Amino acid sequence: MNNDFMNNDLIPFRKLIEKKGYKFTIQKEIILRTILDNKPHINAKEIFKKIKRKHIGIATIYRSLKVFNELGIVKEINISRINYYEMKIFSGNPLHIHFNCYRSNNIVDIDSQNLNFDYLKLNKKIETKNNLKIYDSNITFIGLCSKCREELKCQDQ
Ligand SMILES: [Zn+2]
Ligand SMILES: [Zn+2]
């Protein structure tokens, strides 16, 4: 793989992947590009559909996602027994809470600066109180998104 072909924004990922002893294959590049370019949370099957014409098998996608997750490049969020992925490293927003709508399955990033600060404080508190070290967390609130709330309101009338 040569740098002329690759977009500059992927170079830090390539460096990290190679540093950890993995090959930065064209498949990994395409999969990473797909996660970067699409909605914040995407699952393996959605990636598969989007890059169908590139002839990358679903097993390759699962394998690459596993490596990305291991290296902290992506964050894995399990919602209704499906793993969704979003960029984690270099994302500027590695730590945030999720909201999942049980009606539309909409996944929302809760990422206000204030809340993130509270969230960090909560992590610190848990660490101190329990003598733990927290590296990551998966918090998903479940309920009805604003769109569904509106739709249900309309149905009621
Ligand atoms: Zn909804
Ligand atoms: Zn998110």
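Over how many bridges do S2 and S3 pair, and in which sense? Please go on from there to the helix that packs against them.

Tutor: Happy to! Please keep in mind that this is a predicted model. S2 and S3 pair over 6 bridges, in the antiparallel sense. One pair to pick out is Lys-75 with its bridge partner in S3, Glu-86. The two strands belong to an open sheet of 3 strands, ordered S1-S3-S2 with antiparallel pairing. Its edges are S1 (residues 42–43) and S2, each of which pairs on one side only.

Now to the helix, H4, which runs over residues 58–70. Four residues of H4 are buried: Ile-61, Ser-64, Leu-65 and Phe-68. Because these cover an arc of only 105° around the axis, they lie on the same side of H4.

What do those buried residues pack against? Their partners are strands S2 (74–79) and S3 (82–87), together with helices H2 (26–37) and H3 (44–50). That brings us back to the pair of strands you asked about, S2 and S3.

Turn to the face of H4 directed away from its buried side, and you will find Ala-59 and Glu-70, which are exposed.

Key. Residues are numbered from 1 along each chain as its sequence is written. Chains are lettered from A and ligands numbered from 1 in the order in which they are written. This is a predicted model: local features need pLDDT of at least 70, side-chain atom pairs count only at pLDDT 80 or more; totals for chains, interfaces and linings use all residues. The expected span of a helix is 1.5 Å times one less than its number of residues. A residue is buried if 20 or more other C-beta atoms lie within 10 Å of its own, exposed if 12 or fewer, and partly exposed in between; C-beta atoms are placed from the backbone. The arc is that of the directions from the helix axis to the C-beta atoms. Two residues are in contact if their C-beta atoms, placed from the backbone, lie within 7 Å. Two strands pair if DSSP finds at least two bridges between them.
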